Amino acid sequence: MNSKSSSAGPTFSFEIFPPNTQVGAEKIITTLGALQGLSPDFISVTCSGDKTKIEQTTIKLADYVANQLHIPAVAHLPAAYLDKPQVARILQKLEAAGVTRILALRGDIDPAVAPKNDFHYADDLVRFIKKCAPHFEVSGACYPEVHPESFNQLSDIRFLKQKTAAGCKHLTTQLFFDNEIFFDFEERCRLAEINVPVLAGVMPITNRKQALRLIKTSAAKLPRKFTAILDRYEHDPAALRDAGIAYAVDQIADLVTQGVAGVHLYTMNNAETARTIFNATRSLFRACQNEPAPQVLFA
Ligand code: FAD
């Protein structure tokens, strides 16, 4: 990953997911073509469902991003349900595809299915990758609003430090809608001497179905300004989309202005939304190149 330091300006990157329908598979090529035009610093490819099929899903798409679009690709690798020989094979496949950047994850645990015993937590995976393939660039996930399984904020940060000490070069956050929560989290990282760049995960909410799913499943705090949008434009798709994009643009403008290391946009495979947000914020990213992060004058 092109982990620019703050003096080189913040990175701007996208997350996509492998489609699981034929229509989606055809659409993703168009989507990626449109994203290519935005020259992101990298594109990350998620991995869900049956992880043993990663070769036909995540790796295939990451291969396309890296070798057809010539954009650095990051493959997500959740390992709780994989064993060491399986991960070693996946690393070989990634290497063969020329994709040597990984977001190392434990992954969610299904209470009805026992995980395998090799990777209890993401740091076990980070260590394993660094041992088998030291030249791979490994990043990790982090949770400004604390991972739902954590005992508390302190233990979450302690384990995060363990994960970065194992070899993560950068971290990407779970989505959040209140930037203050992100800035507080960054501060906790610095106090704990977690000194790797933290990329802010931003998800534009552009439709009602997505909003309802988010409210049901996400632990993210929803500020009043945000829920007002959902309430007001619930039955007006165009207005909800515009307001959702405006909210994300506002979040990104604040993050970039206050010196974030990078913004990782959860695109939901929607190139049009990504393009609108990119166009509305690109001058800010450009303005921050070769500029030191701002000093806080008024606390
Ligand atoms: P870990 O870092 O292992 O942390 C999990 C929990 O265990 C935390 O509560 C942590 O505090 C605790 N913990 C960590 N280490 C220890 C230890 N040594 N001892 C005791 N407790 C410990 N999921 C997917 O399935 N596919 C994806 O593509 C995907 N992409 C993601 C991308 C991002 C940017 C993020 C933020 C999440 C993503 N996820 C994805 C979700 C992720 O898999 C889940 O949140 C999962 O529950 C935790 O994975 P992790 O790697 O963060 O776990």
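**Two helix pairs**

Asn179, Phe182 and Phe183 of H6 are in contact with Gln251, Asp254 and Leu255 of H9, contact meaning heavy atoms within 4.5 Å. By class, these residues of the contact of H6 with H9 are three nonpolar, two polar and one charged. Here Ala, Val, Leu, Ile, Met, Phe, Trp, Tyr, Cys and Pro count as nonpolar, Asp, Glu, Lys and Arg as charged, and the others, Gly among them, as polar.

This is a predicted model, in which local features need pLDDT of at least 70 and side-chain atom pairs count only at pLDDT 80 or more, while totals for chains, interfaces and linings use all residues. Residues are numbered from 1 along each chain as its sequence is written, and side-chain values use heavy atoms, with hydrogens and water left out.

Helix H6 covers residues 179-191 and helix H9 residues 237-257; they pack at about 30°, with axes 10 Å apart. H6 is therefore roughly parallel to H9, a term for angles under 35 degrees. Axes are lines fitted to C-alpha atoms, for helices over the stretch in contact, and angles run from 0 to 180 degrees between N-to-C directions. Helices are DSSP runs (H or I, at least four residues), numbered from the N terminus.

The second pair is helix H2 (residues 55-67) with helix H3 (residues 84-97), packed at an angle of about 25° with their axes 9 Å apart. H2 is therefore roughly parallel to H3. On the H2 side, Glu55, Ile59, Asp63 and Asn67 meet Ile90, Lys93, Leu94 and Ala97 of H3. This contact of H2 with H3 has four nonpolar, one polar and three charged residues.

Note on methods:
Angles under 35 degrees count as roughly parallel, over 145 as roughly antiparallel, 65 to 115 as roughly perpendicular and the rest as oblique.
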